[in-house]
Amino acid sequence: MKIFKYLLFLLLILFIAGSIYVATKDGDFSAETSRTISAPAPMLYREIADLSNWKTWEGWSSQEGIDLDLSEDPRGEGAEISWQADSMRDGKITTTSAIPNTRLEQAVIMETSTGKATGNITWTLEPENGQTRVTWQLSGSQSFKEKLAFTLQDKDMTEIFQPVFEENLQDLEENVIRKMEEYSINVDG
């Protein structure tokens, strides 16, 4: 009977030590990707700021079982895109600040298995030698449950989102260049 008590006590100590370890881990995360695109900043800004355009270049909505809903006005401050999904969690992105042709800030909320997760998305557009450098950043802070879940996984938040952002920026570039080729203006004379 004593050995059972010692084992129980040992398990309690391991549980407390594990909880302290997870609680003291840095829960802040930031995933950022940049890409220089051969397009003017105003065109890229319009493409990003109008959430109805996202269906043509962001990769998540192409998955089966995802229903996207847009707010009445999908452009500028207050614009929202929300989704309900079979394979991933429900969520919503709301544009909180819009500085035309320069910066866009958004709040993201997702329902996960560990509860409600929140984060901030920032889009920055910087002209560079006739091109535009687009930077997409997701940042936030993890709850205790999220830190515990990522402690038990192989990848952290940055490693999960970085490749998705890179692929989406490539798709954004291809989409904008295709639109530029479709609607070119020639001045004769």
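Trainee: What is the accessible surface of the protein chain, and how much of that belongs to carbon and sulfur atoms?
Mentor: Keep in mind that this is a predicted model. The accessible surface of the chain is about 11700 Å², and carbon and sulfur atoms hold 54% of that. Of the 189 residues, 34% count as buried.

Trainee: Which elements make up the chain?
Mentor: There are four helices and seven strands. Starting at the N terminus, their order is α-β-α-β-β-β-β-β-β-α-α.

Trainee: Why is helix H2 called largely enclosed?
Mentor: Buried means under 20% relative accessible area. Seven of the nine residues of H2 (residues 41-49) are buried, so the helix is largely enclosed by the rest of the structure. Among the buried ones are Met-43, Leu-44, Tyr-45 and Ile-48.

Trainee: Which residues have the most contacts inside the largest nonpolar core?
Mentor: They are Leu-44, Ile-48, Trp-123, Val-134 and Leu-172, in a core of 33 residues. Leaving out residues up to four places away in sequence, Ile-48 touches Trp-54, Trp-57, Leu-104, Trp-123, Leu-125, Val-134 and Leu-172.

Trainee: What makes Arg-35 and Glu-173 a salt bridge?
Mentor: The cut-off is 4 Å between a side-chain nitrogen of Lys or Arg and a carboxyl oxygen of Asp or Glu. For Arg-35 and Glu-173 the N to O distance is 2.6 Å, so the pair passes. This pair links distant parts of the chain, with Arg-35 in strand S1 (residues 28-37) and Glu-173 in helix H4 (residues 157-182), 138 residues apart.

Trainee: Are these two partners buried or partly exposed?
Mentor: One of each! Glu-173 has a relative accessible area of 15%, so Glu-173 is buried. Arg-35, at 27%, counts as partly exposed.

Trainee: What does the salt bridge between Lys-179 and Glu-47 tie together?
Mentor: The closest N and O atoms of Lys-179 and Glu-47 are 2.7 Å apart. Lys-179 lies in helix H4 and Glu-47 in helix H2, so their bridge ties together parts that are 132 residues apart in sequence. Glu-47 is buried at 4% relative accessibility, while Lys-179 is partly exposed at 23%.

Trainee: How do you know that Asp-50 and Arg-75 form a salt bridge?
Mentor: Their closest N and O atoms are 3.5 Å apart, which is within 4 Å, so the pair counts. Asp-50 is in the loop between H2 and strand S2 (66-70), and Arg-75 is in the loop between S2 and S3, so the bridge ties together parts 25 residues apart in sequence. Salt bridges with shared partners also join Asp-50, Asp-73 and Arg-75 into one network. In total, the count comes to six salt bridges.

Trainee: Why is Leu-7 called partly exposed?
Mentor: Exposed means over 50% and buried means under 20%. Leu-7 has 49% relative accessibility, so Leu-7 counts as partly exposed. Leu-7 sits in helix H1 (residues 2-24). A nonpolar patch on the surface includes Leu-7, along with Met-1, Ile-3 and Phe-4 among others, and the patch has about 920 Å² of accessible area together.

Technical notes. Residues numbered from 1 in each chain as written. Predicted model: local features only at pLDDT ≥ 70, side-chain atom pairs only at ≥ 80, totals over all residues. Heavy atoms only, no water. Buried < 20%, exposed > 50% of the residue type's maximum accessible area, 1.4 Å probe, protein only. Helix = DSSP H or I, 4+ residues; strand = E, 2+ residues; numbered from the N terminus. Core = buried A, V, L, I, M, F, W, Y, C linked by side-chain atoms within 4.5 Å. Contact = heavy atoms within 4.5 Å. Patch = residues over 30% accessible without salt bridge, like charges linked within 9 Å, V, L, I, M, F, W, Y side chains within 5 Å. Areas by Shrake-Rupley, 256 points an atom, 1.4 Å probe, with all protein chains shown as cover.
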